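Subject: Structure handover

Hi,

Here is the structure for you to take over. My notes follow below it.

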Amino acid sequence: MAEESSKHLEVALVAAERVVWEGQATIVIARTTDGDVGILPGHAPLLGLLQGGTVQVRTVDGEFLVAAAPDGFISVANDRVSILAENAELGHDIDLEDARRELEQALATGTAGEADADEVRAAEARVRAAETAS
């Protein structure tokens, strides 16, 4: 169990080339290969594989952040949450119309191959993050 004084999580959302966001949060929600997981202070250690979606963060200030993080890992230990994704971006940084166009293009050019499916998942995640952030 976490120490009584720990009422928040230390969260880092990291893409391959940059730190997308880091700060304190009261809850983190992510979709993994084992299903959706909600992380609160005191959560048991966890290592999970993200599965084509969004990550939601409620900051200690009450702000609600949504990030597109289509593939990557989530690690939880001692009230520290690390989300590591090749590509990740906050929903409010995504242009919704551009994201919708990219999704349409990915769907139109897809041939059901694994790379095409990954491209569609990433485009869908960007649209969901942008829609939720608006």
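A word on the annotation before it is used: UniProt positions are given in the numbering used here, feature names are shortened, and annotations may be inferred rather than shown by experiment. The unreviewed UniProt entry places "domain: ATP synthase F1 complex delta/epsilon subunit N-terminal" at residues 9-88.

This is a predicted model: local features need pLDDT of at least 70, side-chain atom pairs count only at pLDDT 80 or more, and totals for chains, interfaces and linings use all residues. Residues are numbered from 1 along each chain as its sequence is written, and side-chain values use heavy atoms, with hydrogens and water left out.

E1 (residues 9-14) has two partners here (pairing needs at least two DSSP bridges). With E2 (residues 19-32) it is antiparallel, over six bridges. Four residues make the hairpin between E1 and E2. Glu10 faces Gln24 of E2. With E6 (residues 80-85), E1 runs parallel, over five bridges. Ala12 has Ser82 as its bridge partner in E6.

Now the surface. Leu47 sits in strand E4 (residues 46-59). Why does Leu47 count as exposed? Its relative accessibility is 68%, and exposed means over 50% (1.4 Å probe, protein chains only). Leu47 forms a nonpolar surface patch with Leu49, Phe73 and Leu84. Together they have about 410 Å² of accessible area. Patch members have over 30% relative accessible area and no salt bridge, and nonpolar side chains are joined within 5 Å. A salt bridge is a Lys or Arg side-chain nitrogen within 4 Å of an Asp or Glu carboxyl oxygen. Areas come from the Shrake-Rupley method with a 1.4 Å probe.

Best wishes

Key. Patch = residues over 30% accessible without salt bridge, like charges linked within 9 Å, V, L, I, M, F, W, Y side chains within 5 Å. Buried < 20%, exposed > 50% of the residue type's maximum accessible area, 1.4 Å probe, protein only.
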